[in-house]
Amino acid sequence: MRILLVILLLTLARPVWAIGPDEMLQDRALEARAHAIGLSLRCVVCRSESIEESDADLARDIRILVRERLTAGDTDQQVVAYIVSRYGDFVLLKPPIKPETWALWFGPALLIVIAGTVIFVRSRRKRIVNQPPLTSEEEEALASLIENGERS
Amino acid sequence: MRLRFAIPLALFIAVAAGLFAGLWLNPQELPSPLIDKPMPSLHLDPVAGLDNVPGFATDDLGGSVVIVNVFASWCIPCRAEHPELTKLIHDPAYKGRVHLYGINYKDKPEDARDYLTELGNPYERIGADSNGRAGIELGIYGVPETFLIDVKGRIRLRFPAPISDADADKTIRPALNKLLAESGK
């Protein structure tokens with residue numbers, strides 16, 4: 001019974017944002033944009049968290065910077081472009097699709113296609129090789145065909 | 001018959017070699033997108049109460065090879081690298097040719113003053129970055145970080161760690177020598 005309760009409570013668990021009430025913008029729309037941008041930016045100190053979730057000081061500074069720039073009128077792309085210009089593509093939690101990242105994005109699918117093709121081709125070859133040996137009737141028919149062929 | 005095994009084997013060796021080489025890479029280190037680009041425009045006031053040490057602005061660069069070191073009094077590795085920085089800048093080979101500027105990152109002026117009084121001040125200029133914005137402009141992700149600037153004011157090296165003796169010999173000095181040779185100074 002207790003286990004069921006624990007499971008129920010776990011399903012209600014939400015991610016904890018690191019952002020404090022003092023950082024949040026009054027303008028709801030701007031805050032929503034800031035939050036969305038923040039979720040896409042990696043905290044370069046904690047590396048696997050976004051800046052919205054990270055408690056690191058630098059994450060807080062960048063959250064504040066994002067909100068300031070949005071308030072100053074930057075578009076979402078301008079804000080992200082600025083952060084990327086300082087920290088590189090690594091700061092984006094979703095790597096952009098560029099020649100440098102093609103292997104990352106298309107590699108697994110490509111490997112599956114190659115592996116699948118190889119398996120398929122080899123299985124067809126095997127089917128031809130693993131024919132059951134000729135029955136005695138088939139052997140007689142084959143022998144007579146050969147004889148007839150030699151005569152003509 | 002042999003060819004069927006040769007291709008997957010070759011692929012495996014290629015991938016294994018790549019991954020093996022990767023063992024020597026440092027996954028913690030972030031490549032800076034600012035390399036070879038001009039230093040971002042910064043204008044930092046001097047640290048309050050620190051007489052005779054002017055602030056630091058990007059305009060002060062250009063014309064000579066500069067080491068820009070981001071440090072803070074609350075940063076323990078900064079204390080560790082301080083003697084190394086002092087040794088580097090007092091090297092007779094670099095006298096008058098290499099300058100050391102500091103950026104005091106998210107620090108209180110009184111703490112910075114105490115830090116420099118205690119350990120000595122090797123910096124010709126120190127810019128106070130109390131809100132950390134200059135640090136973000138430079139793309140730092142920790143303290144200390146050191147940047148080497150060439151005579152044209154471009155960032156040529158970003159060293160995101162405290163400079164040890166070995167680091168100075170293996171990385172910093174060769175880089176400084178290269179920049180000096182380039183500039184003919």
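Mentor: Contact here means heavy atoms within 4.5 Å, and the model we are reading is a predicted one.

Trainee: How many residues does the contact take from chain A and from chain B?

Mentor: Chain A contributes 19 residues to the contact, and chain B contributes 19 residues.

Trainee: How much area do chain A and chain B bury between them?

Mentor: The size of an interface is often given as the accessible area lost when the parts come together. In this model chain A and chain B bury about 1,500 Å² between them, with 48% of it on carbon and sulfur atoms. On the chain A side, A:Arg47, A:Arg86 and A:Tyr87 lose the most area to chain B, and together they make up 41% of what that side buries.

Trainee: How many salt bridges are there between chain A and chain B?

Mentor: The count is three salt bridges; in one, B:Lys106 pairs with A:Asp61, where the closest N and O atoms lie 2.6 Å apart. Two or more residues of the side of chain A that touches chain B come from each of α3 (57-71), α4 (76-87) and α5 (102-129) of chain A, and α3(A) gives the most, with seven residues. By type, the residues of that side divide into ten nonpolar, two polar and seven charged.

Trainee: Against what do the buried residues of α4(A) pack?

Mentor: The buried residues of α4(A), among them A:Val80, A:Ile83, A:Arg86 and A:Tyr87, pack against α2 (28-40) and α3 of chain A together with α4 (133-137) of chain B. Just after α4(A), A:Gly88 takes a positive phi of about 90 degrees.

Note on methods. Residues numbered from 1 in each chain as written. Chains lettered and ligands numbered in written order. Predicted model: local features only at pLDDT ≥ 70, side-chain atom pairs only at ≥ 80, totals over all residues. Heavy atoms only, no water. Buried area = accessible area lost by both parts, 1.4 Å probe. Salt bridge = Lys/Arg side-chain N within 4 Å of Asp/Glu carboxyl O. Helix = DSSP H or I, 4+ residues; strand = E, 2+ residues; numbered from the N terminus. Nonpolar A, V, L, I, M, F, W, Y, C, P; charged D, E, K, R; others polar. Buried < 20%, exposed > 50% of the residue type's maximum accessible area, 1.4 Å probe, protein only.
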